Amino acid sequence: MSRLSPADLLALGSLGMRTRRLRAALSALGIALGIATVVVVTGIPASSQQALLDELTALGTNLLRAQPTPRQDDPVLLPESSVAMVQRIGPVTAAAAVANTHTRVRRNDLLDPGHSSDITVLAATPGLLDTVNGHVQSGEFLSRPDFPGVALGHVAAQRLGIPDAGDRPAIFVGERWFTVTGVLGPMPLAPDVERSVLVGWDAARTHLGFDGHPTVVYVKAREESMEDVRAILPATLHGEIPGLVQVSRPSDALAAKRATQNSYSALFLGLAGVALLVGGVGVANTMVISVLERRSEIGLRRALGATRGHIRAQFLTEAVLLSGLGGLAGTALGALGVAGYATLHRWPLVIPLEVLAAGVLAAFVVGAAAGLYPSIRASRLTPTQALAA
């Protein structure tokens, strides 16, 4: 039996597309809309999901807080190297510490030394803002370690009557003046920091007699390892008696985030399956009609010596080419649609690359499956049946 070369097979398979361009375009449009639907129904929810996950992440899904267990006598002291010790844990991405300096703060030195403002003075390590998702609203954070400067938490700044650090006001901390170098924005993940005056770690040692032992250690870790990090934090910070270290449990937002990811994944699969099914039915319908309308062509080719295998290969190749071209066009169309929708809603643009690749591949697979029956039906026509039609 003679075999068709790939070039001849491609020429035969594209014959119907070249001679019936409008029908070929409409057939490709059907699968293009199906694949575009796949990209859109995965890309738009993925972008929406990413926007939601970003909001949930801002709630501290990857943040833990470790501190000594509250006791009435003989308080536990965390080691001075707590931050460095925690940073050596593999999944940890950031760590910082604060410590109560047990120092009073006053707006000026004319106020009674016994005056209580309910504002805590905390020594802070440089990476605090990155760890608790904080930001500077005015001025700068504690950029010079030994300089007697302070950064005011959002609530503390309001209580002290200092809305910004533009003119570098000064406040009286302990027994000396400190320059306000910055005012921080709201920090819902660390409300105790919002109500505090922050002093650099080294400046607190130098000017306030701070002993260097942190009272709270903030830890940011990869979300998939939060439970593991939480389990080993006590032993890391206090190897002798880990039970004396209290670690917050992962945020409820983390559970909500994981539930959101699972529900969206199920939605993606369901919508993509429906869209592919619709596109496949369209291609199959087009190919069946094509066989019925081209029976005379099939009969003539059979009479001239074409085998059943040649006929099957011709129509199967045509179906795959139609679907492939439609898949490429649909992928591009769907990506543009997702980009426009995400931009309109100010979402991050998220189109998984595997979805784009799968869209094109699925188009070829669906084309092959949809063209299988029409190609077999065409090959079963005898020359006399086909020419008589």
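Predicted model: local features only at pLDDT ≥ 70, side-chain atom pairs only at ≥ 80, totals over all residues.
Q: What percentage of the residues of the chain count as buried?
A: Buried means under 20% relative accessible area. Of the chain's 389 residues, the part that counts as buried is 47%.

Q: Which residue stands opposite S138 in strand 8?
A: Strand 5 (residues 136-139) and strand 8 (residues 176-184) run antiparallel and are joined by three bridges. Within this pairing, the residue of strand 8 opposite S138 is V183.

Q: Do strand 6 and strand 8 run parallel or antiparallel?
A: Strand 6 spans residues 149-152, and four bridges join it to strand 8. A151 stands opposite G182 in strand 8. The sense in which strand 6 and strand 8 run is parallel.

Q: Which residue in the turn between strand 7 and strand 8 has a positive phi?
A: Strand 7 (residues 170-173) pairs with strand 8 in the antiparallel sense over four bridges, and I171 stands opposite F178 in strand 8. The two strands form a hairpin with two residues between them. The turn residue with a positive phi, of about 65°, is G174.

Q: How much of the accessible surface of the chain belongs to carbon and sulfur atoms?
A: The chain has an accessible surface of about 19100 Å². The part belonging to carbon and sulfur atoms is 60%.

Definitions and conventions. Residues numbered from 1 in each chain as written. Heavy atoms only, no water. Pairing = 2+ DSSP bridges. Buried < 20%, exposed > 50% of the residue type's maximum accessible area, 1.4 Å probe, protein only. Areas by Shrake-Rupley, 256 points an atom, 1.4 Å probe, with all protein chains shown as cover.
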